[in-house]
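Here is a brief report on one protein model.

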Amino acid sequence: MATDQARSESEGTDTYDAFESRVERIANVSNAAGVLQWDQEVVMPDEGTPARAKQLSTLSSVSHELLTADETGDLLDELESSELDEEQTAVVREVRRRYDRETSVPQELVAEISETTANAHPVWKRARENDDFEEFAPTLEKLVELQREYANHIDPDEDPYAVLFADYEPYIDLETAERVLERLRDELVPLIDAVQDSDADLETDAFAGTFDDDDQEALARDALDSLGYDWDRGRLDTAPHPFSTGTQFDARVTTRFDPDDLLGSITSTIHEFGHANYTLGLPDEGYGTPLGEARDLSVHESQSRLWENHVGRSQAFWEYFLPIARERFPELESVSPEAAYEAANQVYDDNLIRTEADELTYHLHIVIRFEIERDLIAGDLDVSEVPDAWNDKYEEYLGVRPDTDAEGCLQDIHWSHGSFGYFPTYSLGSVLAAQLYAAAEDDQGEFTEQIREGEFGGLNGWLRENIHRHGKRYTTPDLIERATGDELGADPFLAHVKSKYGALYDLDEY
C-alpha cells in the first residue's frame with residue numbers, strides 16, 4: 001500500500017512537472033512578444049510595422065496553440081483530480097481559467113486580433129498627429145467588431161463588455177467596478193465643484209519655465225535612484241505614451257519629456273516606477289508560472305498610483321526631492337517644498353488630458369471612457385459618433401470641451417491595442433492604492449518622516465511582503481483582504497482626497 005501511494009505521488013509529481021514545463025514555454029513566448037511590443041513603441045523604425053505585425057501575430061498563435069492544445073487540457077484534468085499543494089493549486093486555477101477562455105476562441109481570430117492591433121498602432125499615431133479621427137475610425141470599427149466576436153465566443157450569454165473586462169480583472173466583477181465608479185462620480189463631483197469655487201491661492205506656477213530634455217532625463221534617473229529602482233534589471237527610455245513592461249528579471253520604464261512640463265515628467269516617471277517595482281518584486285523562482293506574474297491590472301495600477309500620489313505628491317517627498325531637483329535645475333532655488341507640494345496637487349480648470357489630470361478629476365476621465373467604450377461594444381454608439389459623444393461628456397462632467405480630436409478621443413493608445421475593458425482598472429487601482437497605503441500605515445506607522453528622509457524601504461518592504469511576493473497565488477479579493485483586512489472599497493480613497501484637498505483649498509465642509 002505504501003508502495004502504491006509512493007508510486008501515485010511520483011506520477012503526480014511527474015504530471016505537474018510536465019504541466020509546469022508547458023506553462024513556462026507559453027510564458028516565454030508571451031514575454032518575447034512583450035519585448036517586441038516594447039521595441040515597437042520605443043525604438044523600432046517607423047516602417048517596421050508590417051513585419052512586426054506578422055511577428056507578433058505568429059507569437060500570439062504559437063502561445064495560443066500551446067495553451068489550447070489537447071495535451072494542456074489533459075494535464076489540467078489529471079491535476080485537478082490530484083493532491084496538490086497550495087501553490088500548485090493556484091497555478092492550475094490560473095491556467096485553467098486561461099485555457100477555458102482561449103479554447104473558446106478560434107485560433108484564426110486570435111491571429112487576426114494580434115495582427116490588427118499591431119497594424120492599428122501606427123494608424124492611431126498618425127491620426128493623433130494629424131488630428132484626424134476619420135483616419136483612425138475604420139481601424140477602430142474593425143477592432144470593435146473583433147472584440148465583440150471574441151467576447152461572443154467566450155460567453156454568448158454574457159454582456160460582451162463584462163467578458164472583455166474580465167480579461168483585465170478576472171476576479172472583480174463588472175458590477176463591483178460600476179459601483180466604485182458611481183461612488184467616485186457621486187462624491188468627487190461636489191468636491192471638485194467646491195475646489196473650483198474656492199478662493200484659496202495655491203502656488204501653481206512653482207515649476208513654470210522651460211526645461212531641457214536631457215536634464216529632465218537626468219532628474220528622472222535621480223528619482224528612480226532615490227526610490228530604489230534596480231538598474232541591473234531595468235532601463236529608462238521615452239515613449240509617446242509612458243508605460244512599463246517586463247518580468248522580474250527585466251522590468252523597463254518609459255516616460256516622456258515636455259520642455260514646459262518638468263513636473264509631469266517627474267510624476268510620470270514615479271508612476272511607471274510603481275509598475276516596474278511591482279514587477280521586480282515578483283519572486284524569481286516563480287518566473288514562467290502565474291506565481292511569478294502580477295495579480296492583474298487593478299493591483300498593478302494600485303502600485304503605480306500609490307507611489308505617484310501617496311508618495312510622489314506628498315509634501316514630505318518634496319522636502320526630500322526638491323534639493324535634488326535644484327542640483328539639475330538651479331532656477332528652482334526659490335521654490336519651497338510647500339510651493340512644490342501645492343503645484344503637484346493643483347486641481348486644473350482646463351482639464352482635457354487624462355495622463356495630465358490631477359488626482360481628483362482623473363476619475364471622471366475614466367468614467368467618460370468607460371461609458372463610451374461600453375456603449376461601443378454594446379452597439380449603442382457608432383464609431384462615427386465617438387468624437388461628439390466624447391466632447392459632450394467632457395463638457396457635462398468636467399466643464400470643458402476639446403477643440404481637437406488629438407486632445408479628445410485620440411489621446412489614449414488603449415483602443416488601438418484592442419484594450420476594451422481596461423480603463424476601469426485605473427480607478428479601481430487608485431482606490432486600492434489608498435486602501436493599501438492606509439493598511440501599511442496602520443501596520444508600520446506613518447511613513448511621513450521616512451519619506452522626508454528619502455527612506456522608502458519600510459513602505460516597499462510592506463508591499464513586497466503583502467502584495468508582490470504572492471504573484472497570482474491568491475485571487476484579487478483574497479489578496480486585498482489578506483493585505484488590508486477588508487474587501488475592496490472606496491472609503492480610504494475618499495477619506496484621503498477629502499482630507500488632502502479640503503486642507504489645500506480651505507474647504508470647511510471637508
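## Leu410

Leu410 is buried, with a relative accessible area of 0%; buried means under 20%, exposed over 50% and partly exposed in between, with a 1.4 Å probe and protein chains only. Leu410 sits in the loop between helix 15 (386–398) and helix 16 (424–444). Helices (H or I, at least four residues) and strands (E, at least two) are DSSP runs, numbered from the N terminus.

Which residues does Leu410 contact, leaving aside its neighbours within four places in sequence? They are Trp124, Ala127, Arg128, Asp132, Phe133, Phe136 and Asp405, where contact means heavy atoms within 4.5 Å. The C-alpha atoms of Leu410 and Asp131 are 7.9 Å apart, across 279 residues of chain.

## Basis

This is a predicted model: local features need pLDDT of at least 70, side-chain atom pairs count only at pLDDT 80 or more, and totals for chains, interfaces and linings use all residues. Residues are numbered from 1 along each chain as its sequence is written, and side-chain values use heavy atoms, with hydrogens and water left out.

## Whole protein

The protein has 20 helices and three strands. Its radius of gyration, taken over C-alpha atoms, is 23 Å, close to the 24 Å of the globule rule for 510 residues, so the protein is as compact as a globular protein of that length. The rule is 2.2 Å times the number of residues to the power 0.38.

The C-alpha trace spans about 80 × 55 × 45 Å along its principal axes. Of the 510 residues, 56% count as buried. Among contacts with a separation of 6 or more, 75% join residues 24 or more positions apart.
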